[in-house]
Amino acid sequence: MPPPQPVPTKAPPAPDYKTVAAQFATAKRAKEVEDATKAHEDIQQEQERSSLQDRQREALEARRKASYEKRWLWNVAFWVWMLTIHVVGLAYFTSGFLLTRLMLDEKSSCDAPPTTGNEILPAWKGKGTVDGGCWHPKTFERAVVVVIDALRYDFTIPVDDDAKFHNAFPFMYDTALRSPNNSFLRPFIADPPTATLQRLKGLTTGTLPTFVDVGTSFAGTAIEEDNLLMQLRDAGKRIVHLGDDTWDALFPGYFEADMSKSYDSFNVWDLHTVDNGVIEHIFPLMNRKNDWDLLIAHCLGVDHAGHRYGPDHGNMTAKLAQMDTFIRDLAVTIDDKTVLIVMGDHGMDSKGDHGGESDDEVEAALWMYSPNSVFGRTKSEFATPPATAKIRPVNQIDLVPTLALLLGIPIPYNNLGRPIEEAFAGAAGTAWDNLAAAESTAAAGIKRYQASYFAAQGIKESNTTPDSPAEFWAKAEELLSTTHSKRGGAKDKWAAVYSAFADYQQETLARCKSLWAQFDIKNMALGIAVMTAGVFTLLVYVTKGAEDDSGAVDDPELDLAEKSLEMQGVKADAEIISARNMDKTFVGAALLGALPIFGGGVLQSFISGVGDWYRGAGFAALTSTATVLVTMYESKETLVNLIPKTVWGWMAVVFTVSQSVGFASNSYTIWEDSILLFFIATFGFATALAAIRLPNLADRYLSIYHSILFVLLGRLASFSKLCREEQMPYCRSTYYASATSSTSAPWQLAIPFVVFLVLPSIIKAYLVPSRSYEGLAPAWIGYVFRTGLFMAAAYWALDAADNGNWFPGLPANTLKTLSVYLAQTILGLALVAGTTAFVWAPPCVSILTAARQLGTAQVTVLGYGNAHGARYLLLPLNILAACFLLSKPMGGGALAIMMWQVLSLVEILDFNSLTFEAIGPVMLAVLGNFHFFKTGHQAVLSTIQWDSAFIPLFTIRYPWSPIVVALNTFGGQILAVATVPLLVLWKVSPQRKGLLVLLSRAYGLFLAYFAVEALATMAWAGHLRRHLMLYRVFCPRFMTAAAVLLVVDLFGIVIALAGARCNTMAIGEVFGWVE
């Protein structure tokens, strides 16, 4: 059966167009909503992802910044520890080397004379009393003592020349020549050091000063040992003082308050206030002679004229003439019961300074006068005052027994002087018995003092050594006994007795001068050991990871990858973290090694009640360095790293070691500035040769140019010289107007103005090639720095006008007031405004944006390649501006040359790829020392320019005055340490890693040079402690090296490390932190 046919169906009707359109529109809207929702979600996710990256980036920057600040603090802590090691080492060596004399408590008494039996003089009225004379017949009731500070002997005698300091003070010479029975004039020889405080101690106690007392010259401590003023006070005598306030510090409460008048002693710019005050007050007192027994007048004008102008100046002539008139008028007021004594406490060198032991510094003058004919001469040729200070000199300590016996009081117990011959020889010069009595009394007192001193020191006095003081004493006693037994006809033999006791005194004094006290060898050895350990630790520290540090990779892509990983939480390798925290490890080891030993020393001293509690500090320093060295060894540091691997490394070693070894020679030390100039020339010659091998022609020429320039600038600076006495006659001073002046020549005033015109342009020339003269640099260098230099030049012009009295019509002190306020403005601009600007300044860069094709923009950062160096340069320029003001015109010119040399040095290091070599920091240290000499200094105390304290001040103000003097004295080294970071930062981009480590290493190498120098001078001074030139050459050089080391330690932390931190923070805030 066939299948059934399908029933046809009716087709659906075709859709309506509108319906389709509506459906399409609905679907489209749904799709759009879906797409919009998805796009919003994508945008939201992208924003969230971007926000997360921003937060991660900010967190990373914060972590890196915090990490840097922590590492910087630990680095500073390490260098503070190193400073402590240096302080401990220097302090221990100094305590054993710069001697302090044992002070005895014994005091002489009127009723206990040192002589027993064999009385030379018959009993006199009032014997054994102050009214009649304790140990010798009294000659005068009262005394007037006039101290004319720095009165050199040749100022008082006729000299056939045209020097301004000669023949201006004739009265004392003429009186001594015309009336030899009323007065005498003799050279008055001071024992070094020739500082006022030490001289006053010797003039009142009769003892020898010690070198360490120089440190107390500016903060005098009261004299507690027996002295002339103490004897007078105990005897009920009244003492009046006028003038130098140093006497108040030495003798507090001694002076009659209603009659005494003191004046500030350190304002060397003031020539007249003290002297005029003394003159004003002394003459009324001369009409009140019953109100006082000792009148002391201390005038300072001659000393201040020397410091300010030098002896060969019209103001010195005027001041000496004023003193001549003063003494001439004062002599008229002296009565028969009064003795007038005029003396200098020391002399002055050719520049007007003092403090050392040159002939001009120790040769003062002594004049004694009385209307009575009490003075005599034992030989007729002695009637004429000596023509030079080398003829018949008197030791200053001889005044003590002389004045004591003349006034009838006991000779102070510690006296080592002898009576002055003219005061006891009688008018006829034949009173040998009186001379012998005075001499034997003083000699007996010396013998008593020596016995007490030996007993207190636990020293057994030798009585058998040939030509010993004991043998001289035995001979004198024997001669005295023999002469006594033949009293009837032995008048002439008293001269032999006098000579015998005088020989004993001279031999005893000679022994005391050479063997006054024993060096404390233990403390010296401990100090040297601590310094040696510190130097060795420092050398190991600067060699740690040197090769790894110099090979840091500067790759932007690698830095970006590293940053991405850190943002994702990937931590750095443990070894890298350990290396970054190395300073923290070292500081911890240092404390671990030091604290137990130091605490144990303090506890032991407290429990036992004996010993030096501070001795634990020395051993703590040794154990501290030992633990740090062990830690360094554990950090894979070995002695092999100390051996240089390049020619430049060996050159650095040779420069450092050869100079340190050379300090064993006094001639090498004396001519140190010439040796340093040779080092500079050698380095420049070597780098010029090395530059020939540079492949790039432009680099080759520029490197050779800078090498030659470096040498020529050193030679130019060498024309600034201040010769020390030992260099004569082979050296000619050019620092001042002449060898006998302490003021600048008129032509030298042009130097600061030349610097003002030239130096900012020179600095600009070093920045322009790297496109670094951007940002703050043009305004600060081109305007602010230049203005500061101009103001400094104007200051020295005003100073010269004031010194030369160019404008006599101006009111007094007008120019001084203007110059002081100008100086304060300059220092405020350089140090206050300059520091503020440096801390807050952005990098010295500029951003240029240029349009490119396809709508993109090209961004160029001008100065990017030298961002670190250009910005940091602003800091040493501020230091230079301050030191430039505080140095004389020649010194300012030398410092400007030094800044130029430093810029050439960093260019030489960059061109020759020597940035990470030790030679860079060593040469910077050489420059610092070289320009120490070129700024008018030598390694002697007398070249300290005390007048610099009054450049920005009217009077002494602490702590500012010492700071100003330090900036003047150590300007070369301070500028050098301020530029240490430039060695690392010059031509370094913001993305350079490891800068803190590199900076610490460069500073360590720089510091090592001075540490080795200090150690060498310590060792040689200790080894040569009996050398004839010890206190003239070796001791001052050690003191200079020690002071320089501490200055470099301190300013390295305060300026170099702190400045580098500010610089890194500013760069990091703009370009990001790279580690």
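Which helix gives the most to the lining of the largest cavity? The legends below begin with that view; the model shown in every one of them is predicted.

**View 1. The largest cavity and its lining.** The answer to the opening question is α35, with 4 residues. The largest cavity holds about 180 Å³ of space. Of the 16 residues that line it, those closest to its centre are Tyr-68, His-868, Arg-992, Leu-995 and Thr-1064. Two helices, α34 (995–1023) and α35 (1030–1071), each supply at least two residues of this lining. Sorted by class, the lining of the largest cavity has 10 nonpolar, 4 polar and 2 charged residues. The count of cavities of 30 Å³ or more comes to 11.

**View 2. Helix α34.** This helix has 29 residues, which at 1.5 Å a residue should span 42 Å. Helix α34 is mostly covered, as 25 of its 29 residues are buried.

**View 3. Aromatic pairs.** A search of the whole structure finds 35 aromatic pairs. In one of them, the rings of Tyr-864 and Phe-1071 have centres 5.5 Å apart. The planes of these two rings stand at 80°, and an angle over 60 degrees counts as edge-to-face, so the pair belongs to that class. This pair links distant parts of the chain: Tyr-864 is in the loop between β10 (857–862) and α27 (867–872), while Phe-1071 is in helix α35, 207 residues apart. Tyr-864 has a relative accessibility of 29% and therefore counts as partly exposed. Tyr-1009 and Phe-1010 also form an edge-to-face pair, with 5.4 Å from centre to centre and 85° between the planes. Both Tyr-1009 and Phe-1010 are buried.

**View 4. An aromatic cluster and two charges over rings.** One aromatic cluster is formed by Phe-78, Trp-79, Trp-81, Tyr-541, Phe-586 and Tyr-1003. Elsewhere, rings are found with charged groups. The charged end of Arg-871 sits over the ring of Phe-838, at 4.7 Å from the ring centre. Likewise, the charged end of Lys-987 sits over the ring of Phe-911, at 5.1 Å from the ring centre.

View 5. Met-348 is found in the loop between β6 (338–343) and α9 (359–362). Is this residue buried or exposed? Met-348 counts as buried, because its relative accessibility is 0%. Met-348 and Arg-152 are 196 residues apart along the chain, yet their C-alpha atoms are separated by 6.6 Å.

**View 6. Backbone features in loops.** Most residues other than glycine have a negative phi, and most peptide bonds are trans. The following residues depart from these patterns. The peptide bond from Met-728 to Pro-729 is cis, with omega near 0°. Pro-729 lies in the loop between α23 (697–717) and α24 (750–767). Tyr-958 and Pro-959 are also joined by a cis peptide bond, with omega about 0°, and Pro-959 is found in the loop between α30 (919–934) and α31 (960–969). Ala-150 is not a glycine, although its phi is positive, at about 70°. Ala-150 is in the loop between β1 (142–148) and α2 (171–178), and its relative accessibility of 0% means that it counts as buried. Ser-913 is not a glycine either and has a positive phi of about 55°. Ser-913 lies in the loop between α29 (889–911) and α30. With a relative accessible area of 61%, Ser-913 is exposed.

View 7. How many of the 9 residues of helix α10 (residues 399–407) are buried? The count is 9 of 9, and the helix is mostly covered. The buried residues include Leu-399, Pro-401, Thr-402 and Leu-407. Gly-408 follows α10, and its phi is positive, near 80°.

Notes: Residues numbered from 1 in each chain as written. Predicted model: local features only at pLDDT ≥ 70, side-chain atom pairs only at ≥ 80, totals over all residues. Heavy atoms only, no water. 1 Å grid on protein atoms, 1.4 Å probe; cavity = no way out; pocket = protein on both sides within 12 Å on 5 of 7 lines; lining within 4 Å. Points joined across faces, edges and corners; volume = space filled by probe spheres on them. Nonpolar A, V, L, I, M, F, W, Y, C, P; charged D, E, K, R; others polar. Expected span 1.5 Å × (residues − 1). Buried < 20%, exposed > 50% of the residue type's maximum accessible area, 1.4 Å probe, protein only. Phe/Tyr/Trp six-rings, centres within 6.5 Å; stacked < 30°, edge-to-face > 60°. Lys NZ or Arg CZ within 6 Å of the ring centre and 35° of its normal.
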